[in-house]
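This report describes the secondary-structure arrangement of a protein model. The sequence and structure are shown first.

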Amino acid sequence: MFEVREKPEMVERALLVRISFDRRAQDDDISLLEELEELVTTLGIGIAELHLAHSRSMHKKYLCGTGKAAEIAEYARAHECDCIVFDNQLAPSQQREWEELSQICVIDREEVILDIFAQRAQTKEARLQVDLARMQYALPRMARMWGHLDREGGGGSGGSGAARGMGEQQIEVDRRLARKRIDRTKRELEAVRTQRATRRKDREKNDTAHAAIVGYTNAGKSTLLNKLSGADILAKDMLFATLDTTTRSIELPDGQTLLLTDTVGFVRNLPHRLVEAFKATLEEAVLAQFLIHVLDASDPRAIEFFETTMHVLGELGAEDKPMITVLNKVDTIEDDSILASLQDRFPNTILVSAKQGIGIDELQHKCSEMLGDRVRRRTYKIPQSRGDLTALLHSEAKVISTDYEGNDIIVNAIVPSIIAGRLDPFLSE
Ligand SMILES: Nc1nc2c(ncn2[C@@H]2O[C@H](COP(=O)(O)OP(=O)(O)OP(=O)(O)O)[C@@H](O)[C@H]2O)c(=O)[nH]1
Ligand SMILES: [Mg+2]
């Protein structure tokens with residue numbers, strides 16, 4: 001049976017390497033390496049060193065030149081690492097070459113993120129999405145797993161014809177199984193997505209307003225949704241705590257109902273495969289009326305994270321959605337100038353502490369404003385004979401109060417714009 005190998009359980013001590021091709025990008029390179037450190041730590045793997053290597057040009061075999069590659073492999077051995085994790089994306093052949101050279105496990109950022117996602121996925125859809133992405137990642141790399149068959153059989157001579165054949169046959173069998181499993185997973189995913197599309201259609205029929213909370217991982221999106229809705233979503237100081245979209249219904253101060261969806265956090269260099277995999281889940285964000293973009297104001301990289309999130313939103317086709325920018329975690333900021341400069345960069349933001357409940361009222365009002373005249377609060381004077389209209393109001397609008405005046409019913413209600421037109425003739429002065 002085709003299994004994606006579980007690296008986190010196999011390795012203990014990693015050397016983290018980023019190969020940079022531009023010496024001017026030093027700050028970015030270091031920041032990316034530090035983020036990789038967080039990601040790898042999330043998997044429970046110990047970190048031996050962070051290593052930034054420079055290469056003048058991109059080489060096919062090892063990404064960097066052969067001499068530099070040998071140096072890095074030697075460095076890993078000297079630091080007793082059983083794994084090298086590259087921040088750069090490695091092609092399957094490069095990964096193989098590196099494993100040959102270093103004789104230890106070699107993985108890249110994409111695989112790290114895939115493994116974290118695999119640990120976190122909870123709902124059926126998230127699990128299927130991650131499974132699919134991991135299998136697609138593993139498929140062209142499968143030769144690596146069976147390399148030992150050839151080597152062992154070859155009696156140290158690099159593999160005799162017969163033994164090499166064994167390994168290759170096994171790879172073929174495995175590839176076939178893998179493709180079958182990929183197809184099956186795609187079909188299952190399709191079924192789950194159809195169900196979700198049906199639920200979404202039901203919601204659209206009800207014409208309930210919908211917003212999505214987006215932002216970099218660990219910005220505080222789930223905490224904010226919990227605060228706004230009284231829900232209890234896992235919010236944790238870890239990367240990618242949320243992989244599933246959770247939707248909660250909240251009531252805004254003007255009485256409107258707003259559906260709010262929490263989404264998976266974004267990260268720099270999010271593997272394209274994963275953006276693809278989560279596109280369906282993130283569709284909720286694409287279809288929302290507006291977005292609440294949460295920034296961790298206490299993180300010096302906040303602006304960079306904002307750009308990353310906007311970039312991913314761009315890939316999803318959601319960059320032009322109306323957006324409220326929230327500067328979160330203001331409770332942790334002592335230096336006012338930090339907030340001032342962020343507010344300079346992002347005018348019209350709301351200062352929030354999702355944890356302490358600061359700025360929540362203001363955010364709710366802003367949400368009402370975003371919905372604008374999508375729904376309005378109106379008073380109607382409806383003849384009692386028009387039971388159809390009062391019934392319409394009760395089923396499609398939110399009735400605040402009902403009074404009787406002679407033969408008329410005075411109804412005060414929050415009315416979605418799609419039915420407002422039909423009721424206009426009965427507007428009360
Ligand atoms: N001090 C402080 N911490 C906060 C605030 N909001 C969230 N946090 C903390 O930040 C961490 C991340 O919060 P989450 O709500 O899980 O963040 P997220 O954006 O949902 O993260 P992912 O699901 O990983 O994308 C948690 O430890 C929260 O307690 C805040 O306003 N102030
Ligand atoms: Mg979350």
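## Sheet and helices

In this predicted model, helix 2 (residues 26–42) lies across strand 1, strand 2 and strand 3 (83–86), running at about 155° to strand 1. Helix 3 likewise lies across strand 1, strand 2 and strand 3.

| Helix | Residues | Angle |
|---|---|---|
| Helix 2 | 26–42 | about 155° to strand 1 |
| Helix 3 | 66–78 | about 165° to strand 2 |

Helices (H or I, at least four residues) and strands (E, at least two) are DSSP runs numbered from the N terminus. Angles run from 0 to 180 degrees between the N-to-C directions of axes fitted to C-alpha atoms, for helices over the stretch in contact; contact requires C-beta atoms, placed from the backbone, within 7 Å.

Four strands form an open sheet in the order 2-1-3-4, with parallel pairing. Strand 2 (46–54) and strand 4 (105–108) each have a single partner strand, so one side of each lacks a neighbour in the sheet. Pairing requires at least two DSSP bridges. Eight bridges join strand 1 (residues 13–20) to strand 2, and Val17 has His51 as its bridge partner in strand 2.

Helix 6 (residues 124–138) has eleven of its 15 residues buried (20 or more other C-beta atoms, placed from the backbone, within 10 Å of the residue's own), among them Leu128, Val130 and Leu132.

The chain averages a pLDDT (the predictor's confidence in each residue, from 0 to 100) of 84, but pLDDT stays under 50 over residues 152–162.

Residues are numbered from 1 along each chain as its sequence is written, and chains are lettered from A and ligands numbered from 1 in the order written. Local features need pLDDT of at least 70 and side-chain atom pairs count only at pLDDT 80 or more, whereas totals for chains, interfaces and linings use all residues.

Definitions and conventions:
Two residues are in contact if their C-beta atoms, placed from the backbone, lie within 7 Å. A residue is buried if 20 or more other C-beta atoms lie within 10 Å of its own, exposed if 12 or fewer, and partly exposed in between; C-beta atoms are placed from the backbone.
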